[in-house]
Amino acid sequence: MSYQRETGVLCHISSLPGKYGIGSLGKEAYRFAKKLAKSGVKYWQVLPLVQTGFGDSPYSSVSCESGNPYFIDLELLAKQKLLTKEELKGAERKGEIDYGRLYEERFLILRKAFSRFFFDDEKFREFIKSGIAEDYSLFMTAKTVYGGSFAEWSKPIQSRDADALEKLRTDYHEEYLFWQFLQYEFRNQWFALKEYCNKLGLKIIGDVPLYVAYDSADVWANPKLFKLDKKLRPVKVAGVPPDYFSETGQLWGNPVYNWKEHEKDGFAWWRGRLENALKIYDVLRIDHFRGLDRYYEIPYGAETAQTGSWQDGPKAKLFEGMDKQKIIAEDLGVMDDGVRKLLHDTGFSGMKVLLFAFNGNPENEYLPKNIGENSVCYTGTHDNDTVAGYVKTLSAEEFILLRSRVAAALEESEIFLSLGAHGERFPEAFVRMALSSKARLAVIPVQDILGLDNKARMNEPGTVGGNWIFRLSRRIDAVAMKNLKKLIKIYRR
């Protein structure tokens, strides 16, 4: 099968510039999309758009179907006469994202907008009837009223007794409508932006985390689909085993799926999740794809991941009949024959990350010369150093070794350029290698397009605090985009 060679750029909505403390779905998003399209970029990749929870990670949410209220553009609300100029002025915040301050302030201004919203608007009523945000809205209403985890709520609410839920909806109707309003505004703004992107010839790559948070609308509404006990507490939780990087492994704590229960109805919940995501995005990246072949589960309450065990996942049965062109499998980490077979059976494109390529092994699957067509090649991901940042972490000996290996890879690709005595041109070199690879799609994080160091890193796994805060201080540099456009033409993408 022959593939069309194309280019993508990775930049989360939160990282866009703007006046109000975090990127939004407003004018800066439209400007960014226009610059991408003008440069010949065909894909804009974002991280999960969900409402974040503890730790501010887009990979941990109160609902996998939610939209992040922080991304609702305040100026668009003002155009609807839901906010005043004075309120907009008061919401201005510069610099990196301060999630604590956002949590304290943003919902207050969104409640002001809601207080001026016409509840009986026909389209809003249709949205509520659709049920799209029903579980989310009930969950957030109960959270506001009762606090704590859903496992601590009264038995009727905890078990979703129909009468108890109706009483919750009635007694706290304005609160319930507030959460519906947030999802209504988010979706209106998102789909308007997506339509604009698509008209420019720009497709959106979205991200689907494998696991969901325990204290979420997803687990509360579907407890049988997870390994929970009679008191709705997890029996087993997710993580990864001890390895070269960690002697005790990684204990993530998410509840693991009860795949036998999922299989009874043909994986309806999971397939519905994927189908809904493909309405929001054009292409999906499935995070921790290896967990769908085999996953690592750890007894709830364990202090480390050392006591876990491997279990079989749903494998290819989950994806029967799905369009393989619309899925990217995040197949990084521990690979084995089972994951490779699942990738082959589904036909999905796997990921190749150039920052993993230069360990001196000529058979390294991430080396540009070893990357196949049905792949998506990245310089790095949101979980890695930036290229410029990685170079700064190296000792003098490591730097010299990397420079010689990258130079050799560049020569093999007939795109040799001087890397500079201090590695000044490493980001450009990695961009060139990604674009020149055989991969059908090359995706470049915006940080590497701009040559930014690790101050712009998005996330450092295993750490708490200081993650997910990167923002572009201004609109993306025109010179950098002009250079990217030139490279896209050179490598016929």
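Predicted model: local features only at pLDDT ≥ 70, side-chain atom pairs only at ≥ 80, totals over all residues.
## A salt-bridge network

Glu28, Arg31 and Arg475 are linked in a network of salt bridges. Side chains of opposite charge can pair when their charged atoms come close. Three further pairs are described next.

Start with helix H4, which spans residues 99-115. Glu105 and Arg101 both belong to helix H4. They sit 4 residues apart, about one turn of the helix. Their side chains meet in a salt bridge, with 3.2 Å from N to O. Glu105 is partly exposed, at 31% relative accessible area. Arg101 is partly exposed too, at 42%.

Helix H13 covers residues 337-346 and holds Asp337 and Arg340. The two are 3 residues apart, so about one helical turn separates them. A salt bridge joins their side chains, at 3.7 Å from N to O. Asp337 counts as exposed because its relative accessibility is 64%, and exposed means over 50%. Arg340 has 42% relative accessibility and counts as partly exposed.

Asp120 is exposed, with a relative accessible area of 51%. Arg125 is partly exposed, at 28% relative accessibility.

## A positive patch on the surface

Which residues gather in a patch of positive charge on the surface? They are Lys34, Lys38, Lys485 and Lys489. Two elements give two or more residues each to this positive patch: helix H1 (27-38) and helix H18 (478-490).

Lys489 lies in helix H18. Is Lys489 buried or exposed? Lys489 counts as exposed, with 61% relative accessibility.

## The whole chain

The protein chain has 18 helices and 12 strands. It has 493 residues, and 55% of them are buried. Along the principal axes, the C-alpha atoms fill a box of roughly 70 × 55 × 40 Å.

How does the radius of gyration fit the chain length? A compact globule with 493 residues would have a radius of gyration near 23 Å. The protein chain has 23 Å, which agrees.

Phe107 has a relative accessible area of 13%. Buried means under 20%, so Phe107 is buried.

Pro69 is 38 residues from Phe107 along the chain. The C-alpha atoms of Phe107 and Pro69 are separated by 8.1 Å.

## A loop residue between H7 and H8

Where does Asp161 lie? Asp161 is in the loop between helix H7 (155-158) and helix H8 (162-171). Its relative accessible area is 35%, so Asp161 is partly exposed.

Asp161 and Ile298 are 137 residues apart along the chain. A separation of 31 Å lies between their C-alpha atoms.

## Two positive phi angles

Most residues other than glycine have a negative phi. Asp56 has a positive value, with phi near 65 degrees. Its place is in the loop between strand S2 (43-45) and helix H2 (74-79). Asp56 counts as partly exposed, at 26% relative accessibility.

Arg492 is not a glycine either, and its phi is positive, about 55 degrees. Arg492 sits in the segment after H18. Is this residue buried or exposed? Arg492 counts as exposed, with a relative accessibility of 73%.

Technical notes
Residues numbered from 1 in each chain as written. Heavy atoms only, no water. Patch = residues over 30% accessible without salt bridge, like charges linked within 9 Å, V, L, I, M, F, W, Y side chains within 5 Å. Areas by Shrake-Rupley, 256 points an atom, 1.4 Å probe, with all protein chains shown as cover. Salt bridge = Lys/Arg side-chain N within 4 Å of Asp/Glu carboxyl O. Lys, Arg positive; Asp, Glu negative; His and termini not counted. Charge placed at Lys NZ, Arg CZ, Asp CG, Glu CD. Buried < 20%, exposed > 50% of the residue type's maximum accessible area, 1.4 Å probe, protein only. Rg over C-alpha atoms; globule rule 2.2 N^0.38 Å.
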